[in-house]
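Trainee: Hi! I have a new structure to look at today. Could you walk me through it?
Mentor: Happy to, let's open it up.
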Amino acid sequence: PRDAKAKGFCAALTFRDNTQARRTMDEMGSPGQQRGALVERRAADGDIIWTAIKGRTLFVSGSPEALLFAGGLAEMAQVRPQRGQVVLTVMPQALATASGKSRKDIVAQMKGLMAVGVQDGTSASPASMHMAEAVTEALAEMALDSSVIRLVVAVDSHAGALIEGELVPVAGSELAKRTTHRLPYDFEQRLPVKNDSTAVFAAGDWQPWMAMATKMFEATGPAGRATAKDITAMVALTGPWSCVVDAAEAGFASLCSSTLKPETKSKVALDAALAAIKSQHAWEAELEGRKPSALKVKRSGDQIEIERKVENKEPMARSLARALFGGDVAHSMIAVKDGRLLMVSGTEPRKILARYGSGGVAGAHLLMATLAETKGDEMLASIDVVSFVRRILVQSKDLPGRDAAVMASAMPGVAEMSAPFVFTIRGGSSLVGQMQVPLTSLDAVAKVVRGVLGAVGPTP
């Protein structure tokens, strides 16, 4: 209850047997007061904790009231996990009740903490501050719409290394409505995939999450509101999206594809995509507190070419953008082909677009396995993170870590290594997000490390 005197934390630790639980309790400090089965422990530095044992489970709390009040919840969470070596369980409804604060007050407090964190040591613009607060509000609302939040860490011979987060929605909540609305991704097989180092992204229906995204955009100001409106209009004309990204001679080359809804004319789709690009360009300037430059737009039939200058105010952001786009000008292109909206980015957009239709994942065996294993999920991203970061640093001139990346690239096997990380989101009765480093990726990294150590030779 909100008027309870219980304050503080309560943790439950399950051991192999009762003897180990008692030994650990004794090591926490000398015994002090005792209230029934609850025993006070005083550490050498003066800290005081309260403990209790039930079977082979040790309960630890900052106060006897908190242990009695929350011990049952901690015990409920202390079940053998279906997978993983570490499981962290949080019950937001119980925490909210124990805080004595209303939902509105909790969200406001989280926004305030985020604002302080963003402002501390930075020159954030007002628009970016508002954006950070809107993102925090959205995340806080999702957490408060959850009955259970669970984090799992697993390492095994099947999954490799896995971190999984799960939100179990409260029945009837906004999160429950979004999570139960399912439309799995459908990767576009005509997109060109060179090998397993090609970054791949695929997502199903965006519509259930557009209201949340709209609030985040609108928080920044007029350009954000225009961006939300134009992106919503473009999403309404399209279905699931798929993208591929590869390293180019300069920067990166990306190609995205989405099926147009029936009866959508090419001109309508192109106009909607161009409006979204223009408003996003203005929104990026609004975030940084600067005026946007004019876009250079060339339209020809069912194709539109766009050029814009790299204008980021922060030196590090500007260096990163130049490394991504391959120079001081970002080139992009939108087109309609075979009933699909195509969006291209890279130094040679026409050549990138010409590769559409030459797709197939036959040369990417890890990706083929990933597509099979994640079939039915709402979102997939397969990214060779190590190669991606190394490529950005090598192409940049003044990003921290560039010299180390150049040296690493010269090591045997590093340039050829493919070790994709897999990110997925799945809906249904709960919202589940995963980050996985497959066993094959771990093995690829291990082979390179062994090769480097072998080349160096044993130490004297």
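Predicted model: local features only at pLDDT ≥ 70, side-chain atom pairs only at ≥ 80, totals over all residues.

Trainee: Okay, new topic: strands. Is S3 largely enclosed or open?
Mentor: Strand S3 covers residues 38-42, and four of its five residues are buried, so the rest of the structure largely encloses it.

Trainee: How does S2 run relative to S3?
Mentor: S2, residues 30-35, runs antiparallel to S3, and four bridges join the two.

Trainee: What sits between S2 and S3?
Mentor: Two residues separate them in a hairpin, and Gly 36 in the turn has a positive phi of about 65 degrees.

Trainee: And how does S3 pair with S4?
Mentor: In the antiparallel sense, over four bridges, with S4 made of residues 48-54. Val 39 stands opposite Thr 51 in S4. S3 and S4 form a hairpin too, with five residues between the strands, and Gly 46 there has a positive phi near 100 degrees.

Trainee: Where is Asp 45?
Mentor: Asp 45 is in the loop between S3 and S4. With a relative accessibility of 59%, Asp 45 counts as exposed. A polar atom of the Asp 45 side chain lies 3.1 Å from the backbone nitrogen of Asp 47.

Trainee: Let's switch to helices. What span should H5 have?
Mentor: H5 has 19 residues, 126-144, and at 1.5 Å a residue it should span 27 Å. The C-alpha atoms at its ends are 27 Å apart, which agrees.

Trainee: Which residues of H5 are buried?
Mentor: Among them are Ala 127, Met 129, Met 131, Ala 132 and Ala 134. Further along H5, the buried residues include Thr 136, Ala 138, Ala 140, Met 142 and Leu 144.

Trainee: Back to strands, then. Where does Thr 238 belong?
Mentor: Thr 238 is in strand S10, residues 238-247.

Trainee: Is Thr 238 buried or exposed?
Mentor: Thr 238 is buried, with a relative accessible area of 5%. Its side chain has a polar contact of 3.2 Å with the side chain of Trp 241.

Trainee: What else is Thr 238 in contact with, leaving aside its neighbours within four places in sequence?
Mentor: Thr 238 is in contact with Ser 258, Thr 259, Leu 260, Lys 261 and Leu 341.

Trainee: Which residue other than glycine has a positive phi?
Mentor: Glu 263 is one of them, with phi near 75 degrees. Glu 263 lies in the loop between strand S11 (252-260) and helix H9 (266-288), and it is exposed at a relative accessible area of 78%. Asp 338 also has a positive phi, about 55 degrees, although it is not a glycine. Asp 338 lies in the loop between strands S14 (329-337) and S15 (340-345), and it is exposed at 57%.

Trainee: One more. How many bridges pair S12 with S13?
Mentor: S12, residues 296-300, and S13, residues 303-309, pair in the antiparallel sense over five bridges. Val 297 has Ile 306 as its bridge partner in S13. S12 and S13 form a hairpin with two residues between them, and Gly 301 in the turn has a positive phi of about 65 degrees.

Trainee: And how does S13 pair with S14?
Mentor: S13 and S14 pair in the antiparallel sense over seven bridges. There, Ile 304 has Ile 334 of S14 as its bridge partner.

Terms used: Residues numbered from 1 in each chain as written. Heavy atoms only, no water. Buried < 20%, exposed > 50% of the residue type's maximum accessible area, 1.4 Å probe, protein only. Pairing = 2+ DSSP bridges. Expected span 1.5 Å × (residues − 1). Polar contact = N/O pair within 3.5 Å; in protein donor to acceptor, adjacent residues only side chain to side chain. Contact = heavy atoms within 4.5 Å.
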